[in-house]
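Open the model in your viewer and keep the selection panel to hand. The tour moves from one selection to the next.

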Amino acid sequence: MTEVDVAAYAVITEGLTKRFGEIVAVDHVDLKIRRGEIYGFLGPNGAGKSTTIRMLCGLLDPTEGSGHVLGCDIASEPERIKERIGYMSQRFSLYEDLTVRENLEFYASLYSVPSGIKRARIEQMVRMADLTGRERTLAAHLSGGWKQRLALGCSIIHKPELLFLDEPTAGVDPVSRRNFWDLIYRLSEEGITIVATTHYMDEAEHCNSLGFIYQGRITAQGSREEIKANALKGQVIEIECHPMREATILLETLPGVAEVVRFGNTIHLVTEDRSLAPADVEARLIGEGLKVDRVETAIPSIEDIFVSFVGLADRRSLRAQLKRMRQESI
Amino acid sequence: MKSRLLGMIRKEFIQMWRDRLTLGMMLSMPMMILVIIGWAINTDVKHMGTAVFDQSRTPESRDLLNAFTNSQYFNLDNYVDSYDAITRLIDGGKAKVGIVLPPDYARALKQQRVAQIQVIVDASDPMVATSAINAASAIGQVGSLRIASEMLQRSTGRVPPPTPLDVRVRAWYNPDLVSAIFIIPGLLSFILMQTTITIIAMVVVRERERGTLEALIVSPLRRWELMIAKIVPNVVLAYAQMTLALVFGVWVFDIPVRGSVVLLYFLSLFFIMGTLGLGILLSTIARSQQQAMQLAYFIFVPSVYLSGVLFPIEGMPPLAQTVAYVIPLTYYVEIIRGIMLKGIGISYLWTHLLVLAVIGVVLIAASILRFHKKLG
């Protein structure tokens with residue numbers, strides 16, 4: 001990476017690797033995260049998302065490779081990075097035996113927020129987290145959504161330039177998740193760079209840029225549009241026909257088909273490459289005597305792309321898992 | 001830096017204050033020990049229940065029995081008529097000692113024969129047995145001497161010389177040989193060590209268990225700032241405990257403080273630093289609060305048995321003595337007994353200070369270093 005790159009990107013890494021004994025948790029990851037963007041870091045559980053974030057924050061030392069955060073080397077200048085970043089993990093890192101205000105005051109002092117603006121900053125965070133009137137409530141007595149917003153408040157009380165969110169919405173109800181992302185948009189508008197890991201696919205739609213990680217490796221990275229246009233090797237064909245059961249069984253046997261998924265009345269067909277055209281599919285279905293209403297290509301969803309990076313064997317269980325999460329979030 | 005450290009210390013104090021149960025336990029523990037040792041346990045054996053089978057029933061036998069009563073060791077509360085009765089009383093635990101005087105006691109004395117007196121002791125409690133045997137032998141010897149000199153006077157008409165040997169033993173520092181005075185300062189030191197180690201280990205492990213440690217490591221807070229912030233409130237708490245214990249001990253139980261309280265507080269600082277360092281070290285090894293507790297017992301057990309709190313080090317085999325002198329509590333117990341009971345000053349204690357200071361520095365340095373490793 002050049003010096004220009006180091007200055008231009010909020011996060012840039014080269015060959016970043018972390019091994020725990022025999023296990024390679026993060027395997028030569030090259031990240032490029034521009035200043036001011038909302039970067040979504042996607043991957044199934046255990047893919048290496050959190051480990052990567054932890055290395056960038058100075059919680060873990062990389063085994064190999066290098067990285068710069070806000071122009072500072074993660075290996076040699078971690079202390080300079082720490083003052084300028086915020087970090088919020090899924091565990092929220094709140095002191096349950098401290099009140100809302102005491103938590104905010106504590107994190108303000110931890111980041112040396114000047115005493116002149118401390119009060120105003122705490123007030124601002126209380127308002128942002130919608131906790132006005134609850135300043136003296138113990139953090140233990142807050143519900144999930146409030147805890148989450150308080151944790152966010154604690155992690156940005158020093159106005160960091162870059163905010164790392166490690167699965168910030170895990171275990172929080174859908175309404176709170178939407179509110180949370182509204183807050184993230186506002187922070188982004190203020191110019192804060194956001195790096196968020198998640199395994200909720202709908203949350204990926206909130207991001208300007210995306211990085212996919214699977215088994216410790218980056219499988220695709222770029223702006224959301226680029227990813228949608230290029231990341232999938234095959235294409236997505238949407239089919240409406242009757243009876244669906246027979247159609248599904250038939251489609252699964254077609255050569256060049258990677259996945260057949262049903263979404264309500266629609267069959268979602270993901271192909272392995274571009275050789276299988278919608279017209280071919282339609283011809284086969286009619287040839288088998290099925291009644292076909294509609295066959296056309298569709299823009300792949302983030303979920304389609306996400307699933308396509310996973311080994312064939314794991315796709316079905318991953319779809320099932322994502323379906324559960326989708327239902328939870330409605 | 002100032003803001004970080006002060007904020008962190010403030011947070012620790014708030015958390016300490018919110019955890020009333022731990023706080024209350026820590027502060028009341030020494031008082032509990034004082035009450036137990038001071039009131040419940042009486043290690044000085046006097047007024048032992050004694051059964052008497054006096055077959056002689058003469059002025060001479062009454063003289064001897066009075067000597068037993070006057071010694072205060074024996075309460076002659078059961079006069080019985082048979083040997084069996086004595087056996088029954090001792091078997092039933094109603095008497096600890098039995099005294100049997102033969103029918104020919106007075107006659108034997110007059111005829112200048114040896115008069116046999118049987119003293120039966122329930123030796124299942126060694127403390128009682130030792131006291132009873134010593135007291136009975138002494139009474140026997142004094143009595144014999146007195147009778148011998150009376151007979152000499154009667155037969156020769158001369159006043160005999162006073163007893164040739166006069167050994168006078170003085171028990172210094174604890175003239176009444178009250179064992180509570182010896183044990184209490186040691187036990188208070190042990191409680192101080194136990195509570196400081198446990199609480200700081202818990203506080204640090206809890207931070208890790210709840211995931212807040214992660215937030216601290218990501219923040220600009222320095223490792224040494226974290227350590228200082230954990231140590232300072234616990235030093236204050238340790239001094240609070242010590243002060244309460246001293247005030248309670250002096251006012252309610254008349255524990256003497258013969259030396260300088262200032263010196264005691266000053267030297268205590270080094271001991272407390274060492275135990276807190278040890279506590280943090282434990283917290284870097286333990287993965288949970290439970291594990292930290294279990295590990296702590298590996299320190300508590302040798303400390304309480306080998307440091308001289310309960311048993312004198314001089315009586316231990318050489319290996320145990322060597323171990324005793326690497327235990328910080330050993331030095332602190334000597335300091336606290338020295339200052340409280342003997343009233344000695346720094347000129348006798350500076351080596352102890354030196355050892356505790358070295359142990360404290362090593363433990364705190366080790367805990368900071370190990371803490372560093374746990375992050376990576």
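What follows is a walk through two contacts in a predicted model.

**Stop 1: the domains of chain A.** Select chain A and colour residues 3–227 as domain 1 and residues 230–329 as domain 2. Over C-alpha atoms, the centres of domain 1 and domain 2 of chain A are 35 Å apart. Where they touch, domain 1 of chain A contributes 15 residues and domain 2 of chain A contributes twelve residues.

**Stop 2: the domain 1 side.** Stay on chain A and select these elements, each of which supplies at least two residues of the side of domain 1 that touches domain 2:

- α7 (174–189) of chain A
- α8 (201–204) of chain A
- β10 (209–214) of chain A
- β11 (217–223) of chain A
- α9 (224–230) of chain A

Which of them gives the largest share? It is α8(A), with three residues. Now colour this side of domain 1 of chain A by class: ten residues are nonpolar, one is polar and four are charged.

**Stop 3: chain A against chain B.** Show both chains. Their contact draws 21 residues from chain A and 19 residues from chain B. On the side of chain B that touches chain A, select α1 (2–18) and α8 (212–218) of chain B, the elements that give two or more residues. The most comes from α1(B), which provides eight residues. Colouring the side of chain B that touches chain A by class shows eight nonpolar, seven polar and four charged residues.

Terms used. Residues numbered from 1 in each chain as written. Chains lettered and ligands numbered in written order. Predicted model: local features only at pLDDT ≥ 70, side-chain atom pairs only at ≥ 80, totals over all residues. Domains from an automatic or database assignment. Contact = placed C-beta atoms within 7 Å. Helix = DSSP H or I, 4+ residues; strand = E, 2+ residues; numbered from the N terminus. Nonpolar A, V, L, I, M, F, W, Y, C, P; charged D, E, K, R; others polar.
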